[in-house]
Amino acid sequence: GAGEHYRLWVHETMRVFYDRLVDDQDRSWILGYIKELTNTHFGQDFNTLFKHLDYDHTGSVDSENLRNCMFGDYMTQEEEPDAQGGDRLYDEILDMKQVVQRLEEYLVDYNGMSKSPMNLAMFLYAAEHVSRICRVLKQPGAHMLNVGVGGSGRQSLSRLAAFMMGMECFQIAISKSYTNVEWKEDLKKYCREAGASGRPCVFLFSDSQIKEESYVEDINNLLNSGEVPNLFPYDERAAVMEQCRVLAKTQNLNLETPTELWQFFIQKCRENLHIILCFSPIGEAFRERLRQFPSLVNCCTIDWFKEWPNDALEAVAIKVLKDVDVSEPDRVKLREMCKRFHSSVRELSVEYLRKEGRTNYVTPTSYLELLTMFTSLLTKQRERVSSAKKRYKVGLEKLAFTAAAVKEMQDELTALKPNL
């Protein structure tokens, strides 16, 4: 009904403006402004509009509640994704448990088809980001800038989202011998796929793959105009235009001149090549790149991968500790203990920054390392105890055997005494 359209407007406004903000004060201001606009322009009370998200029954919907406000086209199983010729409906998603379940199904399918399967724990936080990436991939010519520290799930969730939208995900393979020549060849391949073959695809690029700053300049050009100047030499350009002629005919377009064909190629590149950048905000490099190459911000939808919330820590702990051989009450205590360790270090890092002016980064990777270190230490300790127990057991068996042999010999000697 009408309520769903109003909620869609709020959702899209938050994805476009709210997600770009980094300061909590700015975020709470814009949320208050959205509430005000909903009331003045639509005549709708914001809290009534989203009362189904007010799980704690306070009568007021805050940013934490709005995490459950999602729209997407990936819940349906019947239709093919848009990239594969389908026409899936972009609809409101109300059941969060169902979303997580659906993403787990997609993950199983992805791991079944991929050469490099991903061992991910699915939870609401991951669902939020996958949903945001899918929203961008559904729009022709849209790009994404995922900002977050290493291990926060930027690349894994981008790969999963590309799979869900039926798109091939390309990534360069950096090695010692990788030079500017290989970089240009890779770009040509991706542009041909998107522009000449007309297939929607994803180019996933992280800041750890930047061997030369010229790579970022080329990405900036792709984001801005859909092409990299002088990427194709004359002979290759002719072959690309011939491919475009064939593609244009399938779309009932009669393009003859080289200029028309090349413009068609660039247009298709812009529409079909989705660039997802995964950058870390740590250090000066990120700030410098944004200053030098403004298209990284202007032409991208920004998604900040902030610190994991409580439900994310809980879900990951459940997944990692599920195979640990302990009683259920102990398992619950272990989960709480690991969460407490991580949260307290995070709180102390804020205090440390305030007092000393130095930043200590507490990343999701450190939480995963804490859990894996605990499980491996527990296994090692148990093996040590088990082998010591085994040694004692074998020793006791030998002693018992020796005692029995001595007794038998004593009995024999006692029996032979009269004869002696």
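Two cavities of 30 Å³ or more were counted in this predicted model. A cavity is here a set of points, on a 1 Å grid over the protein atoms alone, where a 1.4 Å probe fits but cannot get out. Grid points are joined across faces, edges and corners, and a volume is the space filled by probe spheres set on the points. Because the model is predicted, local features need pLDDT of at least 70 and side-chain atom pairs count only at pLDDT 80 or more, while totals for chains, interfaces and linings use all residues. Residues are numbered from 1 along each chain as its sequence is written, and side-chain values use heavy atoms, with hydrogens and water left out.

The largest cavity has a volume of about 50 Å³. Its lining, made of residues with an atom within 4 Å of a point, consists of H143, L222, G226, C269, R270, L273 and I275. At least two of the lining residues come from α10 (258-272), and at least two from β6 (273-279). Helices (H or I, at least four residues) and strands (E, at least two) are DSSP runs, numbered from the N terminus. By class, the lining of the largest cavity holds four nonpolar residues, two polar and one charged. Ala, Val, Leu, Ile, Met, Phe, Trp, Tyr, Cys and Pro count as nonpolar, Asp, Glu, Lys and Arg as charged, and the others, Gly among them, as polar.

The second largest cavity has a volume of about 30 Å³. C191, E227, V228, L231, F232, W262 and F265 form its lining. Six of these residues are nonpolar, none is polar and one is charged.

Strand β6 also lines the largest cavity. Two strands pair if DSSP finds at least two bridges between them. Strand β3 (residues 143-148) runs parallel to β6, joined by four bridges. Here L145 stands opposite L277. Strand β5 pairs with β6 in the parallel sense over six bridges. In this pair F203 stands opposite I275.

The largest nonpolar core has 52 residues, of which M122, L137, L160 and Y367 touch the most other members. Such a core is a set of buried Ala, Val, Leu, Ile, Met, Phe, Trp, Tyr and Cys residues joined through side-chain atoms within 4.5 Å. Elements that each supply at least two residues include α5 (124-138), β5 (201-206), β6 and α15 (364-416). The largest share, nine residues, comes from α5. Leaving aside neighbours within four places in sequence, Y367 is in contact (heavy atoms within 4.5 Å) with W308, L313, V316, A317, C338, K339 and H342. A second, separate core of 44 residues includes L145, V228, F286 and L296.

Two asparagines stand out in backbone geometry. Most residues other than glycine have a negative phi. N230 has a positive phi of about 60 degrees. N230 sits in the loop between α8 (213-225) and α9 (234-250). N230 is exposed, with a relative accessible area of 78%. N252 likewise has a positive phi, near 60 degrees. The place of N252 is the loop between α9 and α10. At 73% relative accessibility, N252 is exposed.

Terms used. 1 Å grid on protein atoms, 1.4 Å probe; cavity = no way out; pocket = protein on both sides within 12 Å on 5 of 7 lines; lining within 4 Å. Buried < 20%, exposed > 50% of the residue type's maximum accessible area, 1.4 Å probe, protein only.
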